[in-house]
Amino acid sequence: MSLRSKLSVLAVALSLAVPTLAAAQEMKVGYVDYQRVLLEVEDGKAAKARLQKWLESRQKEIDAEQETLRKEKELLDKQASAMNEEMRTQKAMDLQKKVYELAQKWEKSRGEAAEKERKEMEPIIGKIDSVISAIASRNGLGMVFEKRDSGLVFALDQYDLTTEVIRTYNNTNKGKAKDAPVAKDAPKK
């Protein structure tokens, strides 16, 4: 390739790259800490409280069953010397089966908790996404990143939209709550 053709290729490449670089320099970006938003918006707090109440009730139930099994084992240990080998083996197998069933119940509860959390958070996340989109459009942002999962290692605080998202979300939903119809027997504010 001659020097002239190399220079023309370089000129074409530069002419294509310069507008792209200029556009990239003009693009505005922001980031949001989704976990903080979910924990601080009113709907998120309420959902977390409902989930926590459900989890506590499940945990109490499992703890009660675990205590019953512990007492059953203590009783079996005390009575084991008075039992024949076959009966002792059968009781131990029955107890082991109950322990296994309790472990399965605990695992099932964990799965239910994850599904319940997903169902509770899905509509909230949709609303958060709408708020982020509105803020991004209003501020002319080309991209908004999630702080933790995007691979974002560092960003200046001036690009953090988290507090604005929380405030906008809560203000938007307060307005809707005020406009909601009041039941006839409900006290008026």
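A salt bridge here is a side-chain nitrogen of Lys or Arg within 4 Å of a carboxyl oxygen of Asp or Glu. The side chains of arginine 118 and glutamate 122 meet in such a bridge, at 2.7 Å from N to O.

The structure is a predicted model, in which local features need pLDDT of at least 70, side-chain atom pairs count only at pLDDT 80 or more, and totals for chains, interfaces and linings use all residues. Residues are numbered from 1 along each chain as its sequence is written, and side-chain values use heavy atoms, with hydrogens and water left out.

**Salt bridges**

A search of the whole structure gives 18 salt bridges.

| Pair | N to O distance |
|---|---|
| Glutamate 61 and lysine 105 | 2.7 Å |
| Arginine 70 and glutamate 74 | 2.3 Å |
| Arginine 118 and glutamate 122 | 2.7 Å |

Helices (H or I, at least four residues) and strands (E, at least two) are DSSP runs, numbered from the N terminus. Glutamate 61 in helix H3 and lysine 105 in helix H4 are 44 residues apart, so this pair links distant parts of the chain. Glu61 and Lys105 also belong to a network of salt bridges with Glu65. Arginine 70 and glutamate 74 are separated by about one helical turn, because they are 4 residues apart in helix H3. Arginine 118 and glutamate 122 are likewise 4 residues apart, in helix H4.

Glutamate 61 is partly exposed at 33%, and lysine 105 is partly exposed at 26%. Glutamate 122 is partly exposed at 48%.

**Helix H3 and the cores**

Helix H3 covers residues 42-79. The expected span of a helix is 1.5 Å times one less than its number of residues. Buried residues of H3 are Gly44, Ala47, Leu51, Ile62, Leu69 and Leu76, and their cover includes H2 and H4.

A nonpolar core is a set of buried Ala, Val, Leu, Ile, Met, Phe, Trp, Tyr and Cys residues joined through side-chain atoms within 4.5 Å. The largest nonpolar core has 18 residues, of which Val37, Ile124, Ile128 and Val165 touch the most other members. Helices H2 (34-40), H4 (85-139) and H5 (162-179) each give two or more residues to this core, and the largest share, 7 residues, comes from H4. Apart from this core lies another, of 6 residues, among them Leu69, Leu76, Met83 and Leu95.

**Glutamate 146 and arginine 148**

Glutamate 146 lies in strand S2 (residues 141-146). Glutamate 146 is buried and has no salt bridge; arginine 148, the nearest side chain of opposite charge, is 5.1 Å away. In this count Lys and Arg are positive, Asp and Glu are negative, and His and the chain ends are not counted. The side chain of glutamate 146 does reach the backbone nitrogen of aspartate 149, at 2.6 Å, and one of its polar atoms lies 3.0 Å from the backbone nitrogen of tyrosine 34.

Arginine 148 sits in the loop between S2 and H5 and is exposed, at 52% relative accessible area. Arginine 148 and tyrosine 31 are 117 residues apart in sequence, with their C-alpha atoms 9.5 Å apart.

Methods
Buried < 20%, exposed > 50% of the residue type's maximum accessible area, 1.4 Å probe, protein only. Polar contact = N/O pair within 3.5 Å; in protein donor to acceptor, adjacent residues only side chain to side chain. Contact = heavy atoms within 4.5 Å.
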